[in-house]
Amino acid sequence: MERDYFDMIYSDLFPIVYGIMALFFFWTGIRAILTKRPFLVSNRWLLSVMFVVFVPMIVRFVQRPLDGVMGWTNPILFGTILLMMWYQLRGYVAHAVTDTSFREALVAALQKLQLPYGESLSVIRLTSVDADLQIAVQSWMGTGTIKVKQREHRAVLREIVTAMNDYFRSSRVSTNLVSSVFLVVAGAAMAILALDMSRMLDIY
């Protein structure tokens, strides 16, 4: 049975979406496993991948006019989720870290940049620039996050993250690869699913 134009676009997008997700997860996980070093990346990369996940919904929204209240449900839900993720996925995420290695890299970065600081629960106060770093480390998974509360100090945060990555590349530190292994497995599974979906589309 020949598919109409809309069905072709909508269906053909899914293997591409899963393929992009597979590449992102696999690359993130395999990087830590091969180098055996922690690293930090911007959470905006994850937000971009999540946006790709919603592309088929956008196509449906464009191709088929909205009809009634139910027709607006998906676009409103899509916009709300993206807005929430845009707010929550600020800052940077660390992979393959432990409590010790994350703290060592952060302290080394602050010293390198000559940023005096004070500490309280989950917050590092940069006294010279009146900025608050919000820290969270999930050592059992090997992940952590760092973001700055005041958005006007995002440039300072980028400098700190760059210095932390330099420290990870040049120093021997403890690592935890649990989340990296999960990411590789998830990426491989998505790649298999994308290939299978492509094969099914070829049949039809």
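D166 is partly exposed, at 28% relative accessibility (buried is under 20% relative accessible area, exposed over 50%, partly exposed in between, with a 1.4 Å probe and protein chains only). The model is predicted: local features need pLDDT of at least 70, side-chain atom pairs count only at pLDDT 80 or more, and totals for chains, interfaces and linings use all residues. Residues are numbered from 1 along each chain as its sequence is written, and side-chain values use heavy atoms, with hydrogens and water left out.

**Salt bridges**

- The count is five salt bridges, each a side-chain nitrogen of Lys or Arg within 4 Å of a carboxyl oxygen of Asp or Glu.
- D166 pairs with K112, with the closest N and O atoms 3.5 Å apart.
- This pair links distant parts of the chain, D166 in helix α7 and K112 in helix α6, 54 residues apart (helices are DSSP runs of H or I, at least four residues, and strands are runs of E, at least two, numbered from the N terminus).
- K112 is exposed, at 55% relative accessibility.
- D166 also forms a salt bridge with R169, at 2.4 Å from N to O; both lie in α7, three residues apart, about one turn of the helix.
- Through shared partners, salt bridges join K112, D166 and R169 into one network.
- D132 and R125 form a salt bridge at 3.0 Å, N to O; D132 is buried at 14% relative accessible area, and R125 is partly exposed at 30%.

**Helix α6**

- α6 covers residues 99-112 and reaches 20 Å from its first C-alpha to its last, close to the 20 Å expected at 1.5 Å a residue (the expected span is 1.5 Å times one less than the number of residues).
- Buried residues in α6 include F102, L106 and L110.
- Q114, which follows α6, has a positive phi near 55 degrees.

**Pockets**

- A pocket is an open set of points on a 1 Å grid over the protein atoms alone, where a 1.4 Å probe fits, with protein on both sides within 12 Å along at least five of seven lines; lining residues have an atom within 4 Å of a point.
- The largest pocket holds about 230 Å³ and is lined by 15 residues, of which R103, L106, E119, I124 and I135 lie nearest its centre.
- α6 gives the most to this lining of the largest pocket, with six residues.
- The second largest pocket has a volume of about 190 Å³, and α7 gives the most to its lining, with three residues.
- Residues lining the second largest pocket include R44, R90, K147 and R158.

How values were computed. Points joined across faces, edges and corners; volume = space filled by probe spheres on them.
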